[in-house]
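Let's take a walk through this structure together. Have the sequence and the 3D view open side by side as you read.

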Amino acid sequence: MNRFSEIIGQDMIVSHLQNALRTGGASHAYILNGAKGSGRHMIARSFSAALLCENPQEKAGDAPEPCGRCLSCVQAASGSNPDIITLEPEKESSIGVGDIRKMRADVQVRPYRASHKVYIIPGAEKMTVQAQNALLKTLEEPPAYAVLLLLADGTTNFLPTIMSRCVTLPLRPVAEPAVEACLRERFGADETKARLCARFSGGSIGRAALLLENEKFAVLREKTIALLRDITRQDAAELAAFAHETAAEEETQDFIDFVLSWNRDLMVCRGTHDTDHLIFTDEVQYIIEAAKKTSWRGLQAAAEAVFRARRRLFSNVNAELTLQMMLLEIRAAYRNETIPLTEV
C-alpha cells in the first residue's frame, strides 16, 4: 500500500507534501531529487495516491493518508489508476522531445475520475534540452488538474527555467541506524547483516535492500575478510591476482568500501578499545588482536591508501592497477614498513 507512514528518513518532504494536501495547495510541479534507491518512487506513489484518494484519512492531529480502500487507491496500488501516468521514454538513456510531446497531448485530456491527474517522470535529469523546452510550455500554463512529479538523480542538467517553475524537494541520506532497523523489521535481516548492508547503503534503504539480497555482495565480503586477515603474509603475486579477479568481476567499489570499513574497525578498536560499534561484528576477536599489532601510523597510512585508490578510480585510472597498488600500500602499512621499489 502507498502510505506516507511507510517512508523512512524523509520527514521534511513528507510533512511538506502532507501540508499541501491538507491545505489544498499542491504545486503543479515538483522535482524529487535523490539518488537511486533513496525513496523517490515511494514518495511519488504515496503523494499521487493521497492526492486522488476519494476518502483521505485524517483524524484530529494526524497527517493525511490515502485510505487504501477506495477504487482510486486500489488502482493506484496496482499501478492501474488511469489518472496516474508514468512516463515511459522510447530510449532508456534519454528522454526526448517526442516523449514529452506525447505527454503534453495527454495532459490536455481531463482526469477520468479524480480531481487531479498526476504525471510521474522517472529519470527526469535525462531530458534533452529540446525535451525540457517542450515541457516548459506545460509548466508555464498547466491545467488546474495537472501535477507533474519529476524524479531526478541530480539537478545540474535542468535548465534554470525548469528549476524556477518547480518546487524542488531534496531527499537526504537516511541515518544508518534507521536503515539498519528497517532491514531487521521489514526484511527480517539478522543484526550482523543488517548493520553491514546499512553501512554500505550510502543512506539509501533501496540500495541496502538490494545488498541484502545480493549473494555476490556476501561472497565478496568473505573473500575480503580472508584477504585482509592474511594480507601481511601475502606476496605481491597473490595481491595482484586478487586485484585482477576483483576488477574483472566489476566489484571494485564494494571492495574498496569493505577495505575502508575494515581499517575503520581497526582504528576504532585501537583508539577507543570499544567493540560495541564495529561493523565486522563477527570478527571482533581478530580485530582486537590485529589492532594491538598495528601502529596508529600504519592504520592512518592504510586509510590514506584507500582514499587515494578511490580518487584514482573516480579519475578513470586502471582499476586493476589501482587495487594492486592499494593492497601493496596496505600490506606495507600493516607491517609498519615502506613499499619496496621493486613491487611498485
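Is Glu-140 exposed, partly exposed or buried? The model you are looking at is predicted, and in it Glu-140 has a relative accessible area of 46%. Because buried means under 20% and exposed means over 50%, Glu-140 counts as partly exposed. Its salt-bridge partner is Arg-165, with the closest N and O atoms 3.7 Å apart. This pair links distant parts of the chain: Glu-140 belongs to helix H5 (residues 129–140), while Arg-165 sits 25 residues away in the loop between helix H6 (160–164) and S5. Arg-165 is partly exposed too, at 29% relative accessibility.

Five strands make up an open sheet with parallel pairing, in the order S2-S3-S4-S1-S5. At its edges are strand S2 (84–86) and strand S5 (167–170), each pairing on one side only. From one strand to the next, the twist averages 20°. Inside the sheet, strand S3 (residues 117–121) is joined to strand S4 (residues 146–152) by five bridges, and Tyr-119 stands opposite Leu-148 in S4.

Now back to the charged side chains, where the whole structure holds 18 salt bridges. One of them joins Glu-90 and Lys-102 at 3.0 Å, N to O. Glu-90 is in the loop between S2 and helix H4 (97–107), and Lys-102 is in helix H4, 12 residues apart; both residues are exposed. Another salt bridge, at 3.8 Å, connects Lys-292 with Glu-289, which lie three residues apart in helix H13 (residues 284–293), about one turn of the helix. Finally, Glu-180, Arg-184, Glu-191 and Arg-195 are linked in a salt-bridge network.

Key:
Residues are numbered from 1 along each chain as its sequence is written. This is a predicted model: local features need pLDDT of at least 70, side-chain atom pairs count only at pLDDT 80 or more; totals for chains, interfaces and linings use all residues. Side-chain values use heavy atoms; hydrogens and water are left out. Two strands pair if DSSP finds at least two bridges between them. Helices (H or I, at least four residues) and strands (E, at least two) are DSSP runs, numbered from the N terminus. Axes are lines fitted to C-alpha atoms, for helices over the stretch in contact, and angles run from 0 to 180 degrees between N-to-C directions. A salt bridge is a side-chain nitrogen of Lys or Arg within 4 Å of a carboxyl oxygen of Asp or Glu. Buried means under 20% relative accessible area, exposed over 50%, partly exposed in between (1.4 Å probe, protein chains only).
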